[in-house]
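These are notes for a colleague who is new to this structure. They take up the cavities, the pocket, the nonpolar cores and the aromatic pairs in turn.

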Amino acid sequence: MPRKRIPVARVLLRTLLGALGAQLAVVLGLVAVNQWRKRVRPLRADFPRTAPKALPVGANELTVYTYGEDLYRDMLEAIRGARHRIMFESFIVKGDATGRRFKRALIEAAERGVEVFVVYDAFANLVVPRRFLRFPPGIHTLAYPLLRPGVLLLDVRKSGRDHRKILTVDGEVGFVGGYNVGSVYATQWRDTHLGVSGPSVWELENAFRDFWNMLRTEDQPVIPDTGTPEWSPTIRAHRNVPELLIYPIRGMYLEAIDRAREHVYITQAYFIPDNEILRALISAAQRGVDVRILVPEHSNHVVADWLSRGFYGELLRGGVKLCLYQDAMVHAKTATIDGRWSTVGTANVDRLSLTGNYEINVEVFDDDLASHLERVYAKDATNARLLTLEEWSGRPLVAKLCELLLKPLRPLL
Ligand SMILES: O=P(O)(O)OC[C@H](O)CO
């Protein structure tokens with residue numbers, strides 16, 4: 001009797017479709033459960049706060065902000081005091097009361113003769129009314145396009161989002177870090193931004209200028225290059241620039257973790273490390289370094305949370321400590337190591353940020369700044385719980401299954 005041949009292609013296709021269907025079902029299920037959870041247990045806004053702290057670092061003064069209202073007050077004051085030039089770039093600018101305050105201040109600056117440049121990401125602001133993001137012609141505005149045509153031809157240079165958050169005023173003061181612009185971030189999210197005053201504002205201006213000059217349309221002005229007034233050995237901005245195929249922030253993290261001897265304190269909103277970062281953290285923990293990662297127990301992106309959870313077992317078994325921030329969103333992207341080294345920036349530790357988007361992280365070699373960020377970490381830890389391997393190993397089987405099914409989505413985030 002002739003043997004019936006099984007069409008391999010058909011079996012493969014069915015398996016693939018089955019897996020995709022299962023993933024979709026898991027994602028939809030998680031979103032639904034998350035909606036319900038948010039209704040019965042909404043996030044609090046009364047997390048422990050650390051007041052803004054200004055520290056001299058070389059010829060600069062750096063201010064650490066951990067509360068949105070404090071940050072926005074100082075950013076708006078800087079915009080209102082501008083005399084020459086404002087560079088404002090934000091991944092998200094919400095069309096709410098906070099967004100309106102920024103828009104008004106920028107327009108008023110332009111009306112009194114300040115040259116104002118505004119950049120935002122078109123995709124991230126799809127839900128913001130178009131009218132709100134329309135600025136008067138006196139303001140030079142660039143929306144990072146929704147889709148750059150090269151993406152369709154898989155041109156990596158045309159990929160990524162503009163995920164940066166930068167403000168500079170008159171080359172004298174600057175701000176950079178995790179905060180987007182919006183009312184929810186002012187009081188309800190724990191995030192970290194750095195204020196810079198002094199020659200290192202150049203680092204932020206330069207980042208903005210290169211981006212602007214690369215993407216501006218022909219009728220928009222070129223911002224002239226100036227060169228840095230000082231080569232600072234302590235403060236440096238690293239920029240991921242897909243157009244140039246450079247992603248130094250990942251390298252910066254790997255280099256710093258490799259040097260750790262005492263402790264590594266990382267705070268991340270969405271923590272989906274690649275293999276090398278995972279290995280570096282575990283090998284630091286195994287040589288006796290106190291490696292702690294603070295993440296929200298429940299962030300605003302349920303799928304990112306579940307992808308992150310897929311790494312918890314390996315991290316905990318490797319000796320890394322996981323601190324789960326309670327009942328509020330922590331959106332900071334910071335790390336501090338050995339009381340020596342720190343970074344504050346816009347990059348999450350995930351693929352999108354480390355090998356995908358336009359990002360900027362400031363790297364600082366300074367003991368006082370590192371000590372302060374350790375204090376911030378300790379304060380945050382009072383609102384977090386330490387996850388044990390025992391607790392994690394005992395999670396329900398269905399949770400383990402969800403993590404497994406979602407694993408193939410890691411490269412997407
Ligand atoms: O992309 P991020 O890190 O700025 O986070 C944005 C928030 O998820 C907005 O929903």
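1. Residue classes used below: Ala, Val, Leu, Ile, Met, Phe, Trp, Tyr, Cys and Pro count as nonpolar, Asp, Glu, Lys and Arg as charged, and the others, Gly among them, as polar. By these classes the lining of the largest cavity divides into five nonpolar, four polar and two charged residues.

2. The model is predicted: local features need pLDDT of at least 70, side-chain atom pairs count only at pLDDT 80 or more, and totals for chains, interfaces and linings use all residues. Residues are numbered from 1 along each chain as its sequence is written, and side-chain values use heavy atoms, with hydrogens and water left out.

3. Cavities and pockets are found on a 1 Å grid over the protein atoms alone: a cavity is a set of points where a 1.4 Å probe fits but cannot get out, a pocket is an open set with protein on both sides within 12 Å along at least five of seven lines, and lining residues have an atom within 4 Å of a point. Grid points are joined across faces, edges and corners, and a volume is the space filled by probe spheres set on the points. There are two cavities of 30 Å³ or more.

4. The largest cavity holds about 70 Å³ of space. Its lining includes R190, T192, Y265, Y377 and D380. Helices (H or I, at least four residues) and strands (E, at least two) are DSSP runs, numbered from the N terminus. Helix α11 gives the most to this lining, with four residues, and β8 (189-197), β10, β14 (334-337) and α11 each supply at least two.

5. The second largest cavity holds about 50 Å³. Among the residues that line it are F271, E297, D305 and R309. Its largest share, four residues, comes from α8. By class, this lining has seven nonpolar, one polar and three charged residues.

6. The largest pocket has a volume of about 870 Å³. Of the 33 residues that line it, F91, I92, F123, A124 and H301 lie nearest its centre. Two elements give two or more residues to the lining, α4 (183-187) and α10 (351-355); α10 has the largest share, with four. The lining has 15 nonpolar, 13 polar and five charged residues.

7. A nonpolar core is a set of buried Ala, Val, Leu, Ile, Met, Phe, Trp, Tyr and Cys residues joined through side-chain atoms within 4.5 Å. Buried means under 20% relative accessible area (1.4 Å probe, protein chains only). The largest core has 88 residues, and I86, F88, L106, L281, I293 and L315 have the most contacts inside it. Helix α7 (residues 275-286) gives the most to this core, with seven residues.

8. Rings of Phe, Tyr and Trp (its six-membered ring) pair if their centres lie within 6.5 Å; planes under 30 degrees apart count as stacked, over 60 as edge-to-face and the rest as tilted. The structure holds 15 aromatic pairs. The ring centres of Y72 and Y179 are 6.0 Å apart and the planes stand at 70 degrees, so this pair is edge-to-face. Y72 is in helix α2 (residues 68-80) and Y179 in the loop between β7 (173-177) and α4, 107 residues apart. Y72 counts as buried at 1% relative accessibility, and Y179 is buried at 3%.

9. Y265 and Y377 form a stacked pair, 4.8 Å centre to centre with 15 degrees between the planes. The pair links strand β10 (residues 263-267) and helix α11 (residues 367-381). Both Y265 and Y377 are buried, and both also line the largest cavity.

Conventions: Buried means under 20% relative accessible area, exposed over 50%, partly exposed in between (1.4 Å probe, protein chains only).
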